[in-house]
Amino acid sequence: MTNEQEISRQPFPNSTKVYIDGEIHPIKVAMREIKLSDTKLSRGGVEENPPVTIYDTSGPYTDPNIEIDIRKGLPRLREQWIKDRNDVEELSEITSNYGKERLEDEKLNHLRFEYLHKPMRAKKGANVSQLHYAKKGIITPEMEYIAIRENQRIELIEQQTKAMQCQHAGHSFGANTPKTKITPEFVRSEIARGRAIIPNNINHPESEPMIVGRNFLVKINANIGNSAVTSSIEEEVEKAVWACRWGADTIMDLSTGKNIHETREWIIRNSPVPIGTVPIYQALEKVNGVAEDLTWEVFRDTLIEQAEQGVSYFTIHAGVLLRYIHLTANRVTGIVSRGGSIMAKWCLFHHKENFLYTHFEEICEIMKQYDVAFSLGDGLRPGSIADANDAAQFAELETLGELTKVAWKHDVQVFIEGPGHVPMHMIKENMDKQLEHCDEAPFYTLGPLTTDIAPGYDHITSAIGAAMIGWYGCAMLCYVTPKEHLGLPNKKDVKDGVITYKISAHAADLAKGHPGAQYRDNALSKARFEFRWEDQFNLSLDPDTAREFHDETLPADGAKVAHFCSMCGPKFCSMKISQEIRDVAEAEKGMQEKSEEFIEQGKEIYI
Ligand code: IRN
Ligand code: FE2
């Protein structure tokens, strides 16, 4: 198995991990603090720039004070919170048949995880979902953690805004930053209303709580997972850690190849973010890839197996109804969802209603025992611009709305998956219809791609749609990598996809006026204007690439304080010229003041 050196765990440049204490619960909320250098003032002297604290998804990997042994997994941050609620029982092993068989198989010894995860389950009759607690008026440690995390230390944001106003008198960079603080009670009320969810399986106590909802920061998901063709467990664990490092808020393990159970065990035990899966993929493996051989029983066992391992949300394609399938017949690209096509095949072969739909309440009964959330799958999403917003897609969406209410009746958390491929002018209709049919349950879309003509660049075609739908209110964006439609993403593709989607999500946060979203932009702009190159690199989403690009032409240390870069050279740098204008203006202002002073003095003398 992977040795520790191969797992990326260097801290970010000039950054330290800080932990903010809770007020209601004894919790410590992890964030990243980026230290900045001083501004040299043209009139002499320096001005201090307060550090910038940012939302941090990288987990313990970027804290050099925490020892990590990936054979044993991450520290179990939430274990005590869960046990203190007194509503769970510990099991000695995974209860589903499949799990037991695998643990007894000696051939798999080398894949065995050193720490034996003992699953927890709700005591008989109990419901351990955050929605259930929220409805009862309970503010859990998870909710408080999220409130603190989302605020990103709002007091520092205010301090920064003030500092800027003083540096650029009369020109406030921070004027648009709303200052509404997110409270733990607000988190609770959004959960209770179903407008937000906390993917938070009690069997993934290693995960740091996060929230998906449109009144919070827009989140992004990164898909990883081996396929039958390529990639190993080691690579997948490293991809998960790597994706979190660059900002993935959740990871979906879409493995379909060998050793699905073991791969997932390693990923979950080492992941600081919640993990989602599409259980029908593993169920299909269990029936040797023959869709028509799938049964409710095989599926149910898979759900229990994965819930007991710690998966926090399941994509379930329960809206692919038998009567909708013919609506895809004249599409250019038919059914492009993997799960959707599997279920459609099953329905047509047996000429029966989708068993995920007919057994939906039984699925709810399982979900509530572990707090697994539904990610209601868009099995009939459009897979091309030509098929966007068609009858099949919207028929399914209505059914997803109906199922949302069933899940809520059971106090099971739910969010809704969306497209796909949609041109820009047709995106808003998706958001509007989703809010209407699904009663404001969070929306989670795959892009959407805004054109089909750029294979190799589909992180970009889709980031455009993702930014738009995020602005309209989509709560989570499923990344698309440059390899989309072409192959399994490698490590570089994962990073490119994550950074691209961070851009979409953040652009949406700015447009929505999320409290504090503009904070980092302001600090970076100020650093840029003042030629504090190091600060500009360190504040960026990808400091390594920013530095590398700069140094490609001006590698010398002296260039890090130079008042220009190689894009325009010293004579044509607009920022430099602009600063000179300011200096002249300041000098003139000084002269004007002096002359006014002299005139005043003169008046005294001559009158
Ligand atoms: C997200 C929104 N719509 C679809 N997705 C993601 O697509 C879903 O979360 C999962 O990661 C992936 C696979 O879905 P299909 O192809 O099985 O539907
Ligand atoms: Fe596609």
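User: Why does Lys239 count as buried in this model?

Analyst: The structure is a predicted model. In it, Lys239 has 5% relative accessibility. Buried means under 20%. The value falls under that cut-off, so Lys239 counts as buried.

User: Where does Lys239 lie, and what is Lys239 in contact with beyond its neighbours in sequence?

Analyst: Lys239 lies in helix α7, residues 233-246. Neighbours within four places in sequence are left aside here. The contacts are then Ile224, Leu488, Pro489, Asn490, Lys491 and Val494. Contact means heavy atoms within 4.5 Å.

User: What makes helix α8 mostly covered?

Analyst: Helix α8 spans residues 260-269, and ten of its ten residues are buried. Among them are the charged residues Glu262, Arg264, Glu265 and Arg269. Trp266, Ile267 and Ile268 are buried in α8 too.

User: Which residues come nearest to ligand 1?

Analyst: Tyr281, His317, Ser337, Arg338 and Arg381 come nearest, out of 17 residues around ligand 1. To be counted as near, a residue needs a heavy atom within 4 Å.

User: What makes the approach of Arg381 to ligand 1 a polar contact?

Analyst: A polar side-chain atom of Arg381 lies 2.8 Å from an oxygen atom of ligand 1. The cut-off for a pair of N or O atoms is 3.5 Å. The Arg381 pair is within it, so this is a polar contact. His317 meets the cut-off as well: an N or O atom in its side chain is 2.9 Å from a ligand 1 oxygen. For Asn223, the distance from a polar side-chain atom to an oxygen of ligand 1 is 3.2 Å.

User: How much of the accessible area of ligand 1 does the protein cover?

Analyst: The protein covers 97%. The reference is the 420 Å² of accessible area that ligand 1 has on its own.

User: Which elements give two or more residues to the shell around ligand 1?

Analyst: They are α11 (338-350), β15 (414-418) and β16 (443-446). β16 gives the most, with three residues. By residue class, the shell divides into six nonpolar, seven polar and four charged.

User: How do you know that His421 and His485 are donors of the iron ion?

Analyst: The iron ion is ligand 2, and the NE2 atoms of His421 and His485 lie 2.1 to 2.2 Å from it. A donor is an N, O or S atom within 2.8 Å of such a metal. Both NE2 atoms are within that limit, so both histidines count as donors. The pair links distant parts of the chain, 64 residues apart. His421 is in the loop between β15 and α15 (427-437). His485 is in the loop between β17 and α17 (491-512). Water is not among the atoms, so the site may look incomplete.

User: Why is His421 called buried?

Analyst: Its relative accessible area is 8%. The limit for buried is under 20%, so His421 qualifies.

User: What makes the peptide bond from Pro419 to Gly420 worth a look?

Analyst: That bond is cis, with omega near 15°. Most peptide bonds are trans. Gly420 is found in the loop between β15 and α15. A cis peptide bond also joins Gly447 and Pro448, with omega about 10°. Pro448 lies in the loop between β16 and α16.

User: Why is Gly473 called buried?

Analyst: The relative accessible area of Gly473 is 7%. That is under 20%, so the term applies. Gly473 is found in the loop between α16 (458-472) and β17 (476-478). Leaving aside neighbours within four places in sequence, Gly473 is in contact with Arg214 and Met431.

How values were computed:
Residues are numbered from 1 along each chain as its sequence is written. Chains are lettered from A and ligands numbered from 1 in the order in which they are written. This is a predicted model: local features need pLDDT of at least 70, side-chain atom pairs count only at pLDDT 80 or more; totals for chains, interfaces and linings use all residues. Side-chain values use heavy atoms; hydrogens and water are left out. A polar contact is a pair of N or O atoms within 3.5 Å; within protein, one must be able to donate a hydrogen and the other to accept it, and residues adjacent in sequence count only if both atoms are side-chain atoms. Accessible areas come from the Shrake-Rupley method with a 1.4 Å probe; for residues, only the protein chains shown count as cover. Helices (H or I, at least four residues) and strands (E, at least two) are DSSP runs, numbered from the N terminus. Buried means under 20% relative accessible area, exposed over 50%, partly exposed in between (1.4 Å probe, protein chains only). Donors are N, O and S atoms within 2.8 Å of the metal (3.2 Å for Na, K and Ca); water is not among the atoms, so sites may look incomplete.
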